[in-house]
Amino acid sequence: LVWMIPLLQILWVNTHILFFIGGFLVFVFWVDAWLGKRDKETVRNFFILGLLVAAACFINPAGIKGALVPLTIFKEYGYRLAENQTVFFMHKRFGHDPKYIYFEAMAVLSIVGLIFFCWRKKWRTNIAEIVLLLFFIVFGLKTVRSMATFAFAFVPLMSLFCYEAIGFFSREVRRKAGFGLLLVSLMLVGHGVVSAKSFFSPCRHLGQFVLMNGGAEENQNFAYLLNHPQVYTGLVPGINGSAEFFKRLNIQGPMFNNYDIGGYLIFHLFPKVKVFVDNRPEVYSVPFFKDVYVPMQENNDVWHKIDAQYGFNVIYFYRHDLTPWGQNFMVSRVEDPEWAPVYVDLFTIIFLKRNQQNKSIIDAFELPRSMFSVSR
């Protein structure tokens, strides 16, 4: 099965930016086999496998440029991406979210386990375990998008470390310890099923979608999810409402939208209506974000200047934009007599410019400004 890896690498290079990890893994095991003095056939096979994986990286629409994207994808952007921030950065700003604490605790536990493992074993024969764990710890700390990747390494490697650790104890102690860990694990799973407020409960993360599906507050439990699979499968209920509204009324551009909703709008509206920006920061220049996109949301004078340049007819905005300029912009537009809010749901808000072209839509769908409030 190991020779299936190059085929998997072709899929990986065409689907996600972290495809370079595939080649890195093969390289680590090749070094492990070489320095660990494995048989020559094993070393040779890993070397050939590495060449095939490297070649697979070039099988993408962009060829060499696509294969080298990992070297440039994390360059400086004019827009700060949450998924590219460090764990410490996110923990400081979202301390109420326990996943960052869990990750930090798991990282410390991994280091302790690794030190013990190296003490028990000769490091030269366990290069792969050492390098992989350290790599995924550092990678996870550096970008929160890689926290889940760390978990894939944490589970087997910590199992290995624990196996070495319990070797100190008698068979009876190991049996009882294993039973105890199993019991604790089942209790955590059980608590997640029973308590909707548990961090491990699917109900906690899907509560908003339960309400959108017509459920009540008391329906946020595991039994409700079992009977309503549409809550956690397929599209979020109502997610396409704004796009359907936009297309049904044949609303015309030019359109201003925020970063977060760009991909959604390309899917639904391109090529009839083109986006102002989308969530691929690598294809936009730093000056665009710093000198145009952000200032036009922070400062009304800049907004009017850019609006005059592009002649925006519609504003299509993702409401959960947590940037200070995005929140400021929404408040300003609600208070702006030149723009009429005509659609709002849990995700989006649509404004139309008050002109003759939009008059009939505004007359039929304008939302009263009294329904909007600013929460801090």
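**Pocket lining, backbone geometry and cysteines**

The lining of the largest pocket comprises 13 nonpolar, four polar and seven charged residues, where Ala, Val, Leu, Ile, Met, Phe, Trp, Tyr, Cys and Pro are counted as nonpolar, Asp, Glu, Lys and Arg as charged, and the others, Gly among them, as polar. The structure is a predicted model, in which local features need pLDDT of at least 70 and side-chain atom pairs count only at pLDDT 80 or more, whereas totals for chains, interfaces and linings use all residues. Residues are numbered from 1 along each chain as its sequence is written, and side-chain values use heavy atoms, with hydrogens and water left out.

About 700 Å³ of space lies in this largest pocket, the volume being the space filled by probe spheres set on grid points that are joined across faces, edges and corners. On a 1 Å grid over the protein atoms alone, a pocket is an open set of points where a 1.4 Å probe fits, with protein on both sides within 12 Å along at least five of seven lines, and lining residues have an atom within 4 Å of a point. Of the 24 residues that line the largest pocket, R80, L81, A82, M90 and L322 are the closest to its centre. Two or more lining residues are given by each of α5 (87-93), α6 (99-120) and α17 (324-334), and the largest share, three residues, comes from α5; helices (H or I, at least four residues) and strands (E, at least two) are DSSP runs numbered from the N terminus.

Two cis peptide bonds are described here. One joins G253 and P254, with omega about 0°, and P254 lies in the loop between α12 (241-248) and β1 (255-257). The loop between α12 and β1 also holds N250, which has a positive phi of about 55° although it is not a glycine and which is partly exposed, with a relative accessible area of 41%. The peptide bond from F270 to P271 is likewise cis, with omega near 5°, and P271 lies in the loop between α13 (262-269) and α14 (286-293).

A search of the whole structure finds zero disulfides, a disulfide being a pair of cysteine sulfur atoms within 2.5 Å. C118 is in no disulfide, and the nearest cysteine sulfur, that of C162, is 15 Å away. C118 is partly exposed, with a relative accessible area of 27%, whereas C57 is buried at 11%; buried means under 20% relative accessible area, exposed over 50%, and partly exposed in between (1.4 Å probe, protein chains only).
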